[in-house]
Amino acid sequence: MQKKEPNRLFLERSEAEQLEHYYDDPLRQAAIRCMLLGGLRISEVVEIQSGDVVESDRGVHRLRVRDGKGNKLREAVVPERVGEQLQTISRIQDTDGRIIDVTKRTVRNWTYETAEAIADSTGNNDWRDLKPHDLRRYY
């Protein structure tokens, strides 16, 4: 983990994988994955609707992102496993509404809880400085 600028962390690939796989809970994992692998903001994660997940033929899925920054509609590319996980959650919930039907604060807390738990288990206190927006940056 590198601090390239004040208040900005850049995750290494191995750290991104730790975050992605830390929880077995599909809802938490999907939210983290959308931010980490799709570059979504918290506000965008909680607005993903079941019809927003579009399959592609190249091992990736596209997510329609509503009400993003500047209220623009855009698409984000996510790995196939993320798209399939979102579709599975949607089917299990049997909803046409929001897939990750929690508040922005809940997703923010999940991110902080995960970072704290990883800091405790690894002894790397840099994790304690991780903010949800940092998940959009890794190399």
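Student: What makes the pair of side chains of Arg33 and Glu20 a polar contact?

Tutor: In this predicted model, the two side chains are 3.0 Å apart at that contact. The cut-off for a pair of N or O atoms is 3.5 Å, so the pair counts as a polar contact.

Student: Why is Arg33 called buried?

Tutor: Arg33, a residue of helix α2, has a relative accessible area of 8%. Buried means under 20%, so Arg33 qualifies.

Student: How do you know whether Glu20 is buried or exposed?

Tutor: Glu20, in helix α1, has a relative accessible area of 3%. That is under 20%, therefore Glu20 is buried. Its contacts outside four places in sequence include Gln29, Ile32, Leu36 and Arg81.

Student: Why are α1 and α2 called roughly antiparallel?

Tutor: The axes of α1 (residues 13-21) and α2 (residues 26-38) come within 8 Å and cross at roughly 155 degrees. Angles over 145 degrees count as roughly antiparallel, so the label applies to α1 and α2.

Student: Which residues make that contact?

Tutor: From α1, Ala16, Leu19, Glu20 and His21; from α2, Gln29, Ile32, Arg33, Leu36 and Leu37. By class, five are nonpolar, two polar and two charged.

Notes
Residues are numbered from 1 along each chain as its sequence is written. This is a predicted model: local features need pLDDT of at least 70, side-chain atom pairs count only at pLDDT 80 or more; totals for chains, interfaces and linings use all residues. Side-chain values use heavy atoms; hydrogens and water are left out. Axes are lines fitted to C-alpha atoms, for helices over the stretch in contact, and angles run from 0 to 180 degrees between N-to-C directions. Helices (H or I, at least four residues) and strands (E, at least two) are DSSP runs, numbered from the N terminus. Angles under 35 degrees count as roughly parallel, over 145 as roughly antiparallel, 65 to 115 as roughly perpendicular and the rest as oblique. Contact means heavy atoms within 4.5 Å. Ala, Val, Leu, Ile, Met, Phe, Trp, Tyr, Cys and Pro count as nonpolar, Asp, Glu, Lys and Arg as charged, and the others, Gly among them, as polar. Buried means under 20% relative accessible area, exposed over 50%, partly exposed in between (1.4 Å probe, protein chains only). A polar contact is a pair of N or O atoms within 3.5 Å; within protein, one must be able to donate a hydrogen and the other to accept it, and residues adjacent in sequence count only if both atoms are side-chain atoms.
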